[in-house]
Structure formats: C-alpha cells, structure tokens
Amino acid sequence: MTDHRPRGLHGQTVETLAARILSGDWREGMVLDLPALREELDISLTALREALKVLAAKGMIGARQKHGTFVQSRENWQLLDADVMRWQTTARGNAGLLDELAEVRAVVEPAAARMAAERATAEDLAALESALEAMVAAPDLEASVEADLAFHRSLLTAAHNNFLLQIERVIAIGLAERDKLVHSAGPTDDPVPSHRRVLDAIAAHDPVGAETAMLDLLATSAADAQRAGQEVNARR
C-alpha cells in the first residue's frame, strides 16, 4: 500500500501536530500558543506555520484575527484526505471508523461489481486474475494485504467509472486496516474462494451474480472484522 506519510522535519512536524489532535490532547476549539509550541518542538516559527498550513488545508486547524490559531471540529475535516484517513484509522478511540468505512464499501462495491460484469475488458479481467493469484501466493500479511487491495482496486477500475476511482483511497485504507485487524486476531477462513466467485461472475458477464457474490464477500468480511475486534478487546 502506498505510504502517504510526508518525509523530513516538515513531515514529522505535521505528524506530531496531527497526533495531538487525534489523541484528544488538543480538543476542538483549543487555541494554540505558537511561540510555546515552537520552543517545545525546537523548530522555527516559519517551520511551525508551514506545518499548520498543511493541517489547515485538511480542515483540522483554523485561524481568525483576534482569535488565533485553533483546532477545528471534526465536521470540518477533509475526511477523504489520505492522511486524515490514515491518522484516524491508527488513532485510539476510533473503532467506529472502520464500521463507517465498511458501510461505504457495502454501498459502493456491489454496484461496482455489477458494472464490472457489464463493462470489464480482457485487460481488466487479467488484472483481477493477477491480483487473485497474488492473494493465493502471498507469503505474509503485508503481501496478503497488498494483493487484496490490488483486487478491489482492479474491481473499481473494471467498472469504468471515474468517480468510483476517486473512492479507491477510502476503500484501500479501510480495507488495509480491516485486514490487519482480522489477521491480528488469529487464523481466518481462506478469502480466495469468495474473491474467486466475484471474479468468475464478472468474467461470465453476470451482473446479478457479481453483485450477489460481492455482497456475500462483504458480509463475511464484516463478520470477520467484528469477531476480530471482540477478540482483540478481550485480550486487553
């Protein structure tokens, strides 16, 4: 999966500031003391302001005359931004986020499977087959997650709808975090057969079959995630 984290001092500063917001250390409406923060982080005021500009562009930080720089409410965040998505999925206290992402998948992917069955080209089918083969051969969790992402990314591509492609990053981040959660809880059922049924229906140009197969796949995925979440919580 593509690593969207920024590099260098600038990137580290952005990550540090975002973590304070996501952890709740900086609460909604809190006004930031920039000189004190600059001294704490041991960076220039210019570097601090540049990092804050990044968070402002993502809707997490605001600034007003006579009010200062402050933390925005979550409703102002750019929730589909790749960094904001990543920060939320790795922050504590965001267990409900994966449920929301699963709901998005349940809306999008069955329809995408139906469209793919109607529109997929030979090249699209080859990409799906390649991803499935990679899933079968995956030697570890990282490779398994990458193969799963490749399959679902190829599915959205095969739907030949540019708007669906823009949703790919939401699907990708949610799917990656879901896979990590499920695998952390121990052995799971083989995911290949359910993905194979989706691909076979698409290859057969069977829209109803593809949609049904994807609904079944997502139902199993949601059940696995729920079970994994319960097992992980029981260990704490």
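At 14% relative accessibility, Thr69 counts as buried, because the cut-off for that label is under 20%. Let us start from this residue and work outwards. The model you are looking at is a predicted one, and in it Thr69 sits in strand 2, which covers residues 68–71. Setting aside neighbours within four places in sequence, Thr69 is in contact with Met30, Val31, Leu32, Leu34, Leu52, Ile61, Gly62 and Ala63.

Now step back to the whole chain. The protein chain holds 11 helices and two strands. Reading from the N terminus, the order is α-α-α-β-β-α-α-α-α-α-α-α-α. The chain has 236 residues, of which 42% count as buried. Its accessible surface comes to about 12800 Å², and 51% of that belongs to carbon and sulfur atoms. If you take the contacts between residues at least 6 apart in sequence, 68% of them join residues at least 24 apart.

Leu128 belongs to helix 6, which spans residues 122–137. Its relative accessible area is 0%, so Leu128 is buried. What does Leu128 touch, not counting residues up to four places away in sequence? The residues it touches are Phe151, Ser154, Leu155, Leu199 and Ile202. Take Phe151 as an example: Leu128 and Phe151 are 23 residues apart in sequence, and their C-alpha atoms are 5.5 Å apart in space.

Two packed helices are described by the angle between their axes and the distance between the axes. For helix 6 and helix 10 (residues 192–203), the axes come within 11 Å and cross at roughly 165°. That angle makes helix 6 roughly antiparallel to helix 10, because angles over 145 degrees count that way. The crossing of these two helices is left-handed. On the helix 6 side, the contact is made by Leu125, Leu128, Glu129, Leu132, Met135 and Val136, while helix 10 brings Val192, His195, Arg196, Leu199, Ile202 and Ala203. Sorted by class, the residues of this contact are nine nonpolar, one polar and two charged.

Helix 10 meets another partner, helix 7, which runs over residues 141–158. Here the axes come within 12 Å and cross at roughly 25°. Are helix 7 and helix 10 roughly parallel or roughly antiparallel to each other? They are roughly parallel, because angles under 35 degrees fall into that class. The crossing of helix 7 and helix 10 is left-handed. Asp148, Phe151, His152 and Leu155 of helix 7 meet His195, Val198, Leu199 and Ile202 of helix 10. This contact of helix 7 with helix 10 includes five nonpolar, two polar and one charged residues.

Finally, let us look at two loops. Asp42 lies in the loop between helix 2 (34–41) and helix 3 (45–57). The phi of Asp42 is near 60°, a positive value in a residue other than glycine. Is Asp42 buried or exposed? At 66% relative accessibility, Asp42 counts as exposed, because the cut-off for that class is over 50%.

His160 is found in the loop between helix 7 and helix 8 (162–166). His160 has a positive phi of about 55°, although it is not a glycine. With a relative accessibility of 44%, His160 counts as partly exposed.

Definitions and conventions
Residues are numbered from 1 along each chain as its sequence is written. This is a predicted model: local features need pLDDT of at least 70, side-chain atom pairs count only at pLDDT 80 or more; totals for chains, interfaces and linings use all residues. Side-chain values use heavy atoms; hydrogens and water are left out. Helices (H or I, at least four residues) and strands (E, at least two) are DSSP runs, numbered from the N terminus. Buried means under 20% relative accessible area, exposed over 50%, partly exposed in between (1.4 Å probe, protein chains only). Contact means heavy atoms within 4.5 Å. Accessible areas come from the Shrake-Rupley method with a 1.4 Å probe; for residues, only the protein chains shown count as cover. Axes are lines fitted to C-alpha atoms, for helices over the stretch in contact, and angles run from 0 to 180 degrees between N-to-C directions. Angles under 35 degrees count as roughly parallel, over 145 as roughly antiparallel, 65 to 115 as roughly perpendicular and the rest as oblique. A crossing is left-handed if the near helix is turned anticlockwise from the far one by less than a right angle, and right-handed if clockwise. Ala, Val, Leu, Ile, Met, Phe, Trp, Tyr, Cys and Pro count as nonpolar, Asp, Glu, Lys and Arg as charged, and the others, Gly among them, as polar.
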